[in-house]
Amino acid sequence: MKKISPSILSADFARLGEECAAMEKAGADELHIDVMDGHFVPNISYGAPIMKSLRKVNKMYFDTHLMISEPLRYAEDFARGGADRITFHLECDDDPMAVIEKIRSLGLSPAIALKPKTPAEAVFPYIPYLDMVLVMTVEPGFGGQSFMEDMMPKVRAIRDYADKNGFTALSVQVDGGVDKNTAVLAAKAGADNF
Ligand code: ZN
(Lines give C-alpha, C1' and ligand atoms only; values in the text may rest on other atoms or scores of the structure.)
Protein backbone atom coordinates (compact mmCIF):
# COMPACT_ATOMS: atom_id res chain seq x y z
CA MET A 1 0.00 0.00 0.00
CA LYS A 2 1.38 3.41 -0.93
CA LYS A 3 1.88 5.91 1.86
CA ILE A 4 2.33 9.66 2.05
CA SER A 5 4.61 10.88 4.80
CA PRO A 6 4.94 14.69 4.71
CA SER A 7 7.94 16.21 6.46
CA ILE A 8 7.26 18.56 9.36
CA LEU A 9 10.46 20.39 8.40
CA SER A 10 8.35 22.67 6.21
CA ALA A 11 5.91 23.48 9.04
CA ASP A 12 5.56 26.75 10.93
CA PHE A 13 6.99 25.54 14.24
CA ALA A 14 5.03 28.08 16.26
CA ARG A 15 1.90 26.27 15.06
CA LEU A 16 3.29 22.73 14.77
CA GLY A 17 0.34 20.99 16.45
CA GLU A 18 -2.23 22.67 14.21
CA GLU A 19 -0.21 22.10 11.06
CA CYS A 20 0.21 18.38 11.81
CA ALA A 21 -3.51 18.08 12.56
CA ALA A 22 -4.13 19.66 9.15
CA MET A 23 -1.85 17.05 7.52
CA GLU A 24 -3.81 14.28 9.21
CA LYS A 25 -7.11 15.78 8.06
CA ALA A 26 -5.72 16.09 4.52
CA GLY A 27 -5.11 12.33 4.47
CA ALA A 28 -1.40 11.97 5.24
CA ASP A 29 -0.59 8.42 6.35
CA GLU A 30 2.44 9.26 8.50
CA LEU A 31 4.39 12.28 9.74
CA HIS A 32 8.01 12.37 8.57
CA ILE A 33 10.15 13.87 11.31
CA ASP A 34 13.59 15.00 10.07
CA VAL A 35 16.13 15.20 12.87
CA MET A 36 19.46 16.91 12.10
CA ASP A 37 22.34 17.16 14.55
CA GLY A 38 24.59 19.79 12.96
CA HIS A 39 27.27 17.10 12.68
CA PHE A 40 26.09 14.35 10.33
CA VAL A 41 24.55 17.19 8.31
CA PRO A 42 25.48 20.88 8.62
CA ASN A 43 22.10 22.06 9.91
CA ILE A 44 20.28 21.54 13.21
CA SER A 45 16.53 20.97 13.16
CA TYR A 46 14.92 19.75 16.43
CA GLY A 47 15.15 16.80 18.77
CA ALA A 48 13.15 14.37 20.87
CA PRO A 49 11.54 17.01 23.20
CA ILE A 50 9.71 18.64 20.26
CA MET A 51 8.51 15.23 19.18
CA LYS A 52 7.33 14.39 22.67
CA SER A 53 5.21 17.57 22.77
CA LEU A 54 3.76 16.74 19.38
CA ARG A 55 3.00 13.16 20.47
CA LYS A 56 0.71 14.52 23.21
CA VAL A 57 -1.58 16.12 20.63
CA ASN A 58 -1.14 13.83 17.61
CA LYS A 59 -1.75 10.09 17.23
CA MET A 60 -0.33 9.64 13.73
CA TYR A 61 2.47 7.23 12.83
CA PHE A 62 5.75 9.02 13.60
CA ASP A 63 8.26 8.25 10.85
CA THR A 64 11.49 9.48 12.42
CA HIS A 65 14.44 10.14 10.09
CA LEU A 66 17.63 10.54 12.09
CA MET A 67 20.24 12.47 10.13
CA ILE A 68 22.60 12.15 13.06
CA SER A 69 26.06 10.62 13.63
CA GLU A 70 25.18 8.53 16.69
CA PRO A 71 21.74 6.90 16.35
CA LEU A 72 22.64 4.22 18.90
CA ARG A 73 23.13 6.86 21.58
CA TYR A 74 19.81 8.63 20.92
CA ALA A 75 17.42 5.87 19.80
CA GLU A 76 15.94 5.53 23.26
CA ASP A 77 15.24 9.29 23.52
CA PHE A 78 13.26 9.14 20.29
CA ALA A 79 11.43 6.01 21.44
CA ARG A 80 10.36 7.92 24.56
CA GLY A 81 9.48 10.87 22.34
CA GLY A 82 6.89 8.71 20.58
CA ALA A 83 8.65 7.40 17.46
CA ASP A 84 7.03 4.50 15.60
CA ARG A 85 9.69 3.95 12.93
CA ILE A 86 13.33 4.97 13.31
CA THR A 87 15.30 5.46 10.12
CA PHE A 88 19.04 5.95 10.54
CA HIS A 89 21.78 6.46 7.98
CA LEU A 90 24.02 3.66 6.79
CA GLU A 91 26.75 6.34 6.70
CA CYS A 92 26.48 7.06 10.45
CA ASP A 93 29.27 6.28 12.96
CA ASP A 94 27.56 3.22 14.51
CA ASP A 95 27.47 -0.44 13.51
CA PRO A 96 24.22 -0.81 11.51
CA MET A 97 23.33 -4.21 13.02
CA ALA A 98 23.71 -2.83 16.54
CA VAL A 99 21.38 0.07 15.70
CA ILE A 100 18.80 -2.26 14.11
CA GLU A 101 18.86 -4.49 17.21
CA LYS A 102 18.48 -1.46 19.48
CA ILE A 103 15.47 -0.18 17.53
CA ARG A 104 13.83 -3.64 17.61
CA SER A 105 14.51 -3.93 21.35
CA LEU A 106 12.60 -0.67 21.84
CA GLY A 107 9.62 -2.21 20.04
CA LEU A 108 9.97 0.09 17.02
CA SER A 109 10.33 -0.44 13.30
CA PRO A 110 13.89 -0.12 11.88
CA ALA A 111 14.80 1.46 8.55
CA ILE A 112 18.06 2.50 6.88
CA ALA A 113 18.57 5.63 4.77
CA LEU A 114 21.10 5.99 1.96
CA LYS A 115 22.69 9.26 0.85
CA PRO A 116 22.77 9.82 -2.92
CA LYS A 117 26.40 8.66 -3.27
CA THR A 118 25.86 5.37 -1.38
CA PRO A 119 25.10 2.46 -3.76
CA ALA A 120 22.08 0.18 -3.40
CA GLU A 121 24.33 -2.86 -2.80
CA ALA A 122 25.57 -1.36 0.49
CA VAL A 123 22.17 -1.93 2.14
CA PHE A 124 21.54 -5.45 0.75
CA PRO A 125 23.08 -7.33 3.74
CA TYR A 126 20.68 -5.53 6.13
CA ILE A 127 17.45 -5.95 4.14
CA PRO A 128 16.41 -9.17 5.98
CA TYR A 129 16.35 -7.18 9.24
CA LEU A 130 14.64 -4.00 8.01
CA ASP A 131 11.07 -2.85 7.45
CA MET A 132 12.03 -0.03 5.10
CA VAL A 133 14.88 1.47 3.09
CA LEU A 134 14.93 5.22 2.50
CA VAL A 135 16.56 6.42 -0.73
CA MET A 136 17.53 10.10 -0.45
CA THR A 137 16.54 11.95 -3.61
CA VAL A 138 18.41 15.11 -2.50
CA GLU A 139 21.57 15.58 -0.42
CA PRO A 140 20.37 15.33 3.19
CA GLY A 141 20.41 18.41 5.38
CA PHE A 142 19.10 21.22 3.21
CA GLY A 143 15.60 22.15 2.13
CA GLY A 144 14.44 23.24 -1.29
CA GLN A 145 16.59 21.00 -3.51
CA SER A 146 15.23 19.41 -6.63
CA PHE A 147 14.46 15.71 -6.99
CA MET A 148 17.37 13.57 -8.27
CA GLU A 149 15.78 11.43 -10.94
CA ASP A 150 19.08 9.57 -11.30
CA MET A 151 18.31 7.86 -7.96
CA MET A 152 15.48 5.86 -9.59
CA PRO A 153 17.74 2.96 -10.66
CA LYS A 154 18.77 2.67 -6.99
CA VAL A 155 15.11 2.47 -5.90
CA ARG A 156 14.54 -0.20 -8.57
CA ALA A 157 17.64 -2.20 -7.54
CA ILE A 158 16.52 -2.29 -3.88
CA ARG A 159 12.92 -3.19 -4.77
CA ASP A 160 14.08 -6.00 -7.09
CA TYR A 161 16.62 -7.37 -4.61
CA ALA A 162 14.01 -7.44 -1.82
CA ASP A 163 11.39 -9.12 -4.03
CA LYS A 164 13.82 -11.72 -5.42
CA ASN A 165 14.94 -12.67 -1.93
CA GLY A 166 11.48 -13.00 -0.41
CA PHE A 167 11.35 -9.65 1.42
CA THR A 168 8.29 -8.42 -0.43
CA ALA A 169 7.01 -6.62 2.68
CA LEU A 170 10.00 -4.22 2.62
CA SER A 171 8.96 -0.63 1.94
CA VAL A 172 11.08 1.72 -0.14
CA GLN A 173 10.76 5.40 0.71
CA VAL A 174 11.94 8.39 -1.31
CA ASP A 175 12.80 11.61 0.51
CA GLY A 176 13.53 15.01 -0.98
CA GLY A 177 12.00 17.00 -3.83
CA VAL A 178 8.96 14.73 -3.97
CA ASP A 179 5.88 16.30 -5.56
CA LYS A 180 2.94 15.01 -7.59
CA ASN A 181 5.14 14.57 -10.67
CA THR A 182 8.30 13.12 -9.13
CA ALA A 183 6.23 10.77 -6.94
CA VAL A 184 4.98 9.11 -10.14
CA LEU A 185 8.57 8.49 -11.28
CA ALA A 186 9.45 7.06 -7.86
CA ALA A 187 6.37 4.82 -7.83
CA LYS A 188 7.30 3.47 -11.29
CA ALA A 189 10.76 2.61 -9.91
CA GLY A 190 9.15 0.69 -7.04
CA ALA A 191 8.86 3.19 -4.18
CA ASP A 192 5.78 2.93 -1.96
CA ASN A 193 6.42 5.63 0.65
CA PHE A 194 6.76 9.28 -0.31
ZN1 ZN B 1 13.74 12.83 5.80
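Predicted model: local features only at pLDDT ≥ 70, side-chain atom pairs only at ≥ 80, totals over all residues.

Visitor: Which residues touch the most other members of the largest nonpolar core?
Guide: In soluble globular proteins, nonpolar side chains tend to be buried together. Here the largest nonpolar core holds 51 residues, and I112, V123 and I158 touch the most other members. Such a core is a set of buried Ala, Val, Leu, Ile, Met, Phe, Trp, Tyr and Cys residues joined through side-chain atoms within 4.5 Å; buried means under 20% relative accessible area, exposed over 50%, and partly exposed in between (1.4 Å probe, protein chains only). Helix α5 gives the most to this core, with four residues. Leaving aside neighbours within four places in sequence, the contacts of I112 include F88, L90, V123 and Y126 (contact means heavy atoms within 4.5 Å).

Visitor: In what order do the strands of the open sheet lie?
Guide: Strands of a sheet pair through backbone hydrogen bonds, either parallel or antiparallel. This open sheet has six strands in the order β1-β2-β3-β4-β5-β6, with parallel pairing. Its edge strands, β1 (30–36) and β6 (171–175), each pair on one side only. Two strands pair if DSSP finds at least two bridges between them; β1 and β2 (residues 61–67) have seven. Helices (H or I, at least four residues) and strands (E, at least two) are DSSP runs, numbered from the N terminus.

Visitor: At what angle do helices α5 and α6 cross?
Guide: Two packed helices are described by the angle between their axes and the distance between the axes. The axes of α5 (residues 152–164) and α6 (residues 182–189) come within 8 Å and cross at roughly 35 degrees. Axes are lines fitted to C-alpha atoms, for helices over the stretch in contact, and angles run from 0 to 180 degrees between N-to-C directions. M152, V155, R156 and R159 in α5 meet L185, A186, K188 and A189 in α6.

Visitor: Is R55 buried or exposed?
Guide: R55, in helix α2 (residues 48–57), is buried because its relative accessible area is 19%. M148, in the loop between β5 (132–136) and α5, is partly exposed, with 23%.

Notes
Residues numbered from 1 in each chain as written. Heavy atoms only, no water.
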